[in-house]
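Here are my notes on the model, point by point. Please read them with the coordinates open.

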Amino acid sequence: MDFYLTALLQGFCFSAIALGIYISMKIFNIPDITTDGSYTLGGTVTAVLLTHHLPAFAILPIVIATGALAGSITGIIHTKLKINPLLAGILVMTALYSVNLTLMGRSNIPLLNVSSIFSLINISGDPNHNTFWILLFFVAIVTLIIGYLLKTDFGIAMRATGNSESMIRALGVNTDRMKIIGLALANALTATSGYLMTQFQGFADINMGIGIVIVGLGSVIIAESLINWFKITSVWLSLVLVLSGAVIFQMVLAITLNIGVDANLLKLVTAAFVLLIVSLPRLSFKSSL
Amino acid sequence: MIDLKSIHKTFNKGKANQVDAIRGVDLAITEKEFLVIVGSNGSGKTTLLNLIAGSILPGSGTVHIDGNDVTKLPDYQRSEWIARVFQNPLSGTAPDLSILDNFRLAAIRTKSKGLSIGINESFKKSVKEKITMLGMGLENKIEQPMGTLSGGQRQALTLLMSIMDSCKVLLLDEPTAALDPRSAEIVMRAADKLTTEFGLTTILITHNLKEAFTYGNRIIQMAEGKIIKDLNKQEKASLKQNDIFDWFA
């Protein structure tokens with residue numbers, strides 16, 4: 001049981017990444033790979049500052065700012081230099097590897113005997129339950145903020161930017177600026193996931209971000225399948241489904257491991273699972289013809 | 001209202017596929033004028049409209065709108081004066097957003113898009129009232145995504161969206177090219193009505209010579225990047241439909 005609880009908690013940690021990918025991919029229609037780098041960046045900054053005995057709550061705004069900076073660099077490269085967003089993301093991600101390594105000074109920082117957000121408040125005696133409530137609270141706050149943002153005039157303009165660029169420019173929105181803000185927001189969320197995960201697993205590693213974009217992508221695609229299935233138009237419900245997508249994704253991985261699949265094959269299983277989710281709506285569509 | 005002075009625009013300058021799209025256009029459009037532009041494909045009509053909208057900037061010459069020099073302003077900064085209806089009904093609206101969201105953005109075209117929620121009951125009511133004017137029965141569908149509507153409905157709504165915020169210039173780039181004759185007529189009548197009612201300065205590009213004949217109080221013909229005919233209100237009124245056909249003979 002504890003095994004699945006851990007998977008649920010991991011899902012919560014990854015929910016910020018899922019929201020980030022939802023913003024870059026679904027709202028702005030930009031495939032952003034900066035994610036791998038900005039996730040590690042969030043973890044790195046967290047680990048370095050925690051070992052310097054900065055309190056966890058004070059580290060969060062710094063993590064958000066660095067993630068946003070990484071995202072806006074990708075955005076500037078994409079909009080101002082007119083470089084394909086995929087390439088812009090890969091460039092920033094690659095550069096971030098060196099930045100992260102320099103910040104850490106070595107490839108791994110264990111967080112032993114340092115306080116984290118999970119030791120900040122004590123709700124329950126069981127550390128796992130304690131973590132659960134803190135993460136749930138955290139995720140709820142993040143979702144509320146993003147949900148509110150998408151409902152505002154600014155948020156509607158954001159959604160229109162990825163949907164009909166010619167229209168929103170004619171309605172007076174600087175789409176370049178909007179995309180930079182969007183990518184900054186997406187990567188700030190991704191870095192927040194790195195912040196949570198590093199404290200949850202108790203270490204930061206230079207390789208922790210490799211392939212992490214697929215976790216966010218998988219979560220969003222699960223959510224999207226559900227959104228299309230049930231024809232959901234509500235912003236709130238969509239966000240909740242994205243969060244559920246992150247949890248479902250981790251659960252599937254947990255089940256795979258539990259039924260005895262070799263851990264070395266986990267990435268292969270992940271890729272196959274995402275492929276299955278992407279192709280499911282199309283397969284079922286075909287049979288209904 | 002709109003003043004173009006010796007405008008030139010060349011695409012792919014110096015390359016083998018160089019196109020001189022606009023070759024010295026001077027055009028003064030007065031307030032409340034409804035100008036129709038006709039011309040064969042490649043004559044520079046759409047380029048001229050894009051130059052006025054700011055989607056592209058001129059190679060040389062100046063553009064003034066309402067007394068302001070806007071020659072170097074990009075399209076999103078000219079939205080203060082200009083509302084646009086595109087040839088493709090998909091370009092003027094955001095398909096995944098609800099009708100209401102689309103109208104909200106249109107209602108703040110000239111303002112900044114801030115961090116407050118602007119859609120409330122009174123806003124919904126005013127949108128419904130506006131949409132009722134079209135007589136298409138869409139007023140009860142404002143929560144639906146724009147993409148579920150037909151091209152004609154979307155084009156009519158785009159037109160309506162242009163007067164949600166203060167608007168001086170209305171640019172219509174073949175707004176009915178993708179529509180069936182009935183929807184086309186609804187859209188053109190709505191455009192005509194809005195132009196008179198709100199005192200707009202309207203520019204219409206069309207390949208439909210019947211539309212060119214029926215609407216507007218000034219007509220120009222373009223060919224090879226230049227204005228070759230310019231008929232004012234009296235001259236256009238005495239024009240027969242066949243005369244315009246003869247221009248293309």
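1. Burial in chain A. Of the 289 residues of chain A, 47% count as buried. Bear in mind throughout that this is a predicted model.

2. Overall dimensions. The C-alpha trace of chain A spans about 55 × 45 × 35 Å along its principal axes.

3. Contacts along the chain. Take the contacts in chain A with a separation of 6 or more. Residues 24 or more positions apart account for 80% of them.

4. Secondary structure. Chain A has twelve helices and two strands. Along the sequence the pattern reads α-α-α-α-β-α-α-α-α-α-β-α-α-α.

5. The interface. How many residues of chain A are in contact with chain B? The count is 20, and they meet 27 residues of chain B. Helices H7 (153–163) and H8 (165–170) of chain A each supply at least two residues to this side. H7(A) gives the most, with seven residues. By class, the side of chain A that touches chain B holds nine nonpolar, seven polar and four charged residues.

6. A hairpin in chain B. Strands E9 (residues 218–223) and E10 (residues 226–231) of chain B run antiparallel, joined by five bridges. Ala223(B) stands opposite Lys226(B) in E10(B). Two residues lie between the strands of this hairpin. In the turn, Glu224(B) has a positive phi of about 50°.

Technical notes: Residues numbered from 1 in each chain as written. Chains lettered and ligands numbered in written order. Predicted model: local features only at pLDDT ≥ 70, side-chain atom pairs only at ≥ 80, totals over all residues. Pairing = 2+ DSSP bridges. Helix = DSSP H or I, 4+ residues; strand = E, 2+ residues; numbered from the N terminus. Contact = placed C-beta atoms within 7 Å. Nonpolar A, V, L, I, M, F, W, Y, C, P; charged D, E, K, R; others polar. Buried ≥ 20, exposed ≤ 12 C-beta atoms within 10 Å, placed from the backbone.
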